[in-house]
Amino acid sequence: MTAACEANKKKKSCGDFFGILLLFFLLAVIIYSKKSRENALDAMIICAKTLVPSVFPFAVIGNLIGSGAAEFPRFLTSLVSKIFGVSRSGAKALLPGLFAGFPVGVSAAVRLYERGVISKNEFDRISAFSCTPGGAFIISGVGEGLFNDKKIGIIIYLSVIFSVFAVGFLYKLFGKSESKDVLKITLEDAGKTKFTDLVSGAVTKSANAMIVMSAFVLFFSQITFFVSEILTNVNAPAIVEILLKAILEISQACRASSALPKANGIIIVVIASAWGGLSLHMQTFALCTKNADSRTVRKLVFLRACIATVSVIICAVFCKVGKIT
């Protein structure tokens, strides 16, 4: 009885807390209505010009992989399987997710898990490691677009990818590994579905994912905007504002970091990209829907925090070698 009462008190406290936050949010929308609209428009432009064009084609690929309509060379899936401690079927989702970025790996993992091809442990692990911005966004959008230097984009991208592989290998050594497929994945296993139907389904699911992604970017851009206004009014250091943006939403953090001294800006962008931002985490959970639980959340947050920590070390080495100051 006491435990139930404590649980109800905690639930009520959380409800009160979020209720107060909601009131502050509504008040901020009214006070900063003009700036809020301008900020929302900027976020929509980022989605239209950078995020959606660089992500959508890969999202379709991810859904096709999950449906069993696409295969990779065996040596590649075997290599990824051994490094990350997942089955070969799991590696088929993780491989494109590592390089093409969100939501490719997550979309493929969702389809595979729902079909019973991979285990829940694999699903959680793949979702966490695939919660990474794509190479096209980091190299072109951030490197060339914000820093005016493609080499910087490559350094940021390699720092993130190498840290993912490093943490993946370490997690395999100390965590539970999956060496065998739960189910052999083939196109026939999908019910002999016509390839045209698979493509149509993949495009439709990917289009829905783009809407969800854009909505989260828009929402979190508003939150970061209001947080920035509050910090500005209390004269908080600029670095505090940028770090909070890195925690919340990657695109806003990247834009703010580009105004810092080059080496400092690169480090902040690496942290934001490796961490993924709460916005990207929430997008992952939105795609996972009923398949995500508290274990999925804990594993994603823990692994992304580890990846962000390792990425700073790797990036510092790259910056020193590349003589970027």
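## Contacts and the overall fold

A contact here means that heavy atoms come within 4.5 Å of each other. With that in hand, let's look at the chain as a whole: among contacts with a separation of 6 or more, 79% join residues 24 or more positions apart. This is a predicted model, in which local features need pLDDT of at least 70 and side-chain atom pairs count only at pLDDT 80 or more, while totals for chains, interfaces and linings use all residues. Residues are numbered from 1 along each chain as its sequence is written, and side-chain values use heavy atoms, with hydrogens and water left out.

Of its 325 residues, 47% are buried (buried is under 20% relative accessible area, exposed over 50%, partly exposed in between, using a 1.4 Å probe and protein chains only). The chain exposes about 15700 Å², with carbon and sulfur atoms supplying 69% of that area (by the Shrake-Rupley method with a 1.4 Å probe; for residues, only the protein chains shown count as cover).

## Two nonpolar cores

A nonpolar core is a set of buried Ala, Val, Leu, Ile, Met, Phe, Trp, Tyr and Cys residues joined through side-chain atoms within 4.5 Å. The largest one holds 34 residues, and Phe84, Leu94, Ile118, Phe129 and Val164 touch the most other members. Helices that each give this core at least two residues include α3 (74-84), α4 (88-100), α8 (150-174) and α12. Another core, of 33 residues, lies apart from it and has Ile138, Ile250, Val269 and Cys319 among its members.

## Helix α12 and serine 273

Helix α12 has 14 residues and spans 20 Å from first to last C-alpha, close to the 20 Å expected at 1.5 Å a residue (the expected span is 1.5 Å times one less than the number of residues). Its buried residues include Gly265, Ile268, Val269, Ala272 and Trp275, and the buried residues of α12 pack against α7, α8, α10 (238-248), α11, α13 and α14. Just after the helix, glycine 276 takes a positive phi of about 95 degrees.

Is serine 273, buried or exposed? Serine 273 sits in α12, which covers residues 262-275, and it counts as buried because its relative accessibility is 1%. Beyond its neighbours within four places in sequence, serine 273 contacts Pro133, Ile138, Ile156, Val160, Ile250 and Arg304.

## Where α11 meets α12

Helix α11 (residues 250-257) packs on α12 at an angle of about 175 degrees, with the axes 9 Å apart (axes are lines fitted to C-alpha atoms, for helices over the stretch in contact, and angles run from 0 to 180 degrees between N-to-C directions). That makes the two helices, α11 and α12, roughly antiparallel (over 145 degrees; under 35 is roughly parallel, 65 to 115 roughly perpendicular and the rest oblique). At this meeting place, Ile250, Ala253, Cys254 and Ser257 of α11 face Gly265, Ile268, Val269, Ala272 and Ser273 of α12.

Helix α14 has 28 residues and reaches 41 Å between its end C-alphas, close to the 40 Å expected. Among its buried residues are Lys299, Arg304, Ile307 and Cys319, and the buried residues of α14 pack against α6, α8, α12 and α13.

Asparagine 148 lies in the loop between α7 (135-144) and α8. Asparagine 148 is exposed, with a relative accessible area of 66%, and its phi is positive, near 55 degrees.

Key:
Helices (H or I, at least four residues) and strands (E, at least two) are DSSP runs, numbered from the N terminus.
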